[in-house]
Amino acid sequence: MTTKETCKTRFDELLEQRGVSRRDFLKFCAGIAAMLGLSQAAVPRIAQALEGSVIGKDSGALAPAIWLEFASCTGCTESLASVDTPDLATIVLELISLNYAETLSAGAGHSLELAKEQTIELGGYLLFIEGALMQGWDGDALRIADERATDILKHAASKAVAIICAGSCAVDGGWQAAYPNPGGAIGVQLYLERAAANGELDYELPPIVNVPLCPSNPEHLVAILVDRLLLNRFPELTAENKPVLMFGQTIHDNCPRRGHFENGEFVRNFGSVEEAKNFCLYAVGCKGPQTRVNCPIVRWNRRGSWCVESGAPCAGCATADPTRVGFNWVEMNTPFLKHLRNINIGGLNINPAFIAYGVAGVVVLALVIHGFGMKATGRTKGGAPFEVERKWDKKHPDKALGPAVAGGVATEVAQAAEVAEETAPQVEAALEENINDTEEGGGN
Ligand code: SF4
């Protein structure tokens with residue numbers, strides 16, 4: 001049997017041990033290809049690359065990786081490698097040489113720290129970060145193995161080929177960075193960029209890939225790994241360093257409840273008939289319309305379900321933004337079961353209450369100016385001149401035309417009436433004279 005056949009058998013055995021058929025594995029590879037924007041023709045190459053990693057494992061040539069965990073709930077590690085519910089992504093995790101991971105490594109203490117140090121010395125590793133960095137108390141807010149987390153990060157980033165921020169806490173500080181944030185939680189990218197700008201780093205920052213979500217989706221991480229293994233590159237990134245193909249479209253774009261949204265069919269209360277009918281969750285705070293990620297397609301737990309499908313409004317955990325100081329996805333999206341407090345327009349973050357007060361202020365100001373204008377033109381004392389009741393109207397209330405309108409037929413009629421009124425005595429006198437003349441000249 002050749003080495004390849006041996007390894008293939010080992011890979012198949014590995015799949016079998018995990019209860020995964022070869023067919024499922026190929027379907028998984030097809031999903032990865034779609035996420036990376038590759039055609040289905042690339043599926044065999046992806047499968048080959050993953051199997052090839054097993055071959056590499058024999059020769060000790062696996063891509064080395066370090067997984068640092070800072071301020072976090074360990075949810076991203078759980079999501080990625082839960083031993084209770086192993087999924088395909090877990091299998092692929094075994095295809096890299098994970099030399100340091102506090103939760104996953106079998107070793108601990110000095111030996112594990114030594115393994116990390118040796119990996120850093122050799123360089124060329126992928127650096128995964130889970131959790132927020134803590135700057136508080138000069139970095140003492142978070143110490144690991146008697147070292148500040150800030151120093152650990154700066155050292156570990158020095159020879160990494162790339163930094164992958166797994167989960168929203170690593171991207172923008174997440175829950176830890178929400179008000180009042182006494183520990184000074186911050187996202188990895190922002191911290192490193194500031195350190196570089198302050199001259200604290202004596203190396204060039206490696207590329208940073210932000211993979212938010214709370215927790216991170218294992219398939220996203222695996223897709224990025226495959227891209228690296230297969231094409232020796234990273235996916236195209238957005239301005240926030242998020243892979244475009246995973247974080248380019250909104251949840252709303254692909255949501256199965258979208259038809260109900262368009263029809264105005266909303267869940268307004270939990271436990272209602274509308275909820276039982278799976279109507280749209282927008283009215284109970286769904287952030288799907290402004291959250292960019294492909295959750296409806298990738299889903300969770302072996303593609304079993306995802307938040308909205310299981311009845312929970314999207315909380316917007318993919319909106320983590322490393323580029324805007326002071327903004328944080330938890331701050332931006334809470335309360336989760338209510339509509340957004342702020343609106344994002346381009347690069348601006350606007351509070352609707354502020355807009356409402358602004359509009360109300362403009363209206364009040366306009367009314368005040370209008371009032372002064374009315375006073376200045378005398379309209380407050382019975383109205384403007386053209387609105388004064390005409391003499392003729394006063395005398396003939398039963399035939400009055402009502403207030404004249406400036407210009408137009410009504411004004412002409414009113415003027416004609418006034419002329420008629422003024423000339424009426426002469427006409428009357430003339431008529432009388434005419435009658436008298438007629439009577440005197442042979443009126444018999
Ligand atoms: Fe959009 Fe959320 Fe409604 Fe789905 S449930 S259609 S994402 S608002």
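Select Arg 299 to start: Arg 299 sits in the loop between α15 (295-298) and α16. Helices here are DSSP runs of H or I with at least four residues, strands are E runs of at least two, and both are numbered from the N terminus. The phi of Arg 299 is positive, near 60 degrees, and Arg 299 is not a glycine.

This is a predicted model: local features need pLDDT of at least 70, side-chain atom pairs count only at pLDDT 80 or more, and totals for chains, interfaces and linings use all residues. Residues are numbered from 1 along each chain as its sequence is written, and side-chain values use heavy atoms, without hydrogens and water.

Next, pick Ala 145, in the loop between β5 (143-144) and β6 (147-148). Ala 145 also has a positive phi, about 50 degrees. Most residues other than glycine have a negative phi, and most peptide bonds are trans.

Now for two cis bonds. Go to Pro 335, in the loop between α16 (329-333) and β10 (343-345). The bond joining Thr 334 and Pro 335 is cis, with omega about -5 degrees. Then move to Pro 180, in the loop between α8 (168-172) and β8 (185-186). The peptide bond from Tyr 179 to Pro 180 is cis, omega near 10 degrees.

Finish at Leu 127. Which residues does Leu 127 contact, leaving aside neighbours within four places in sequence? Select Ile 66, Leu 68, Ala 156, Ala 157, Ala 160, Ala 162, Ile 163 and Ile 164. Contact means heavy atoms within 4.5 Å.
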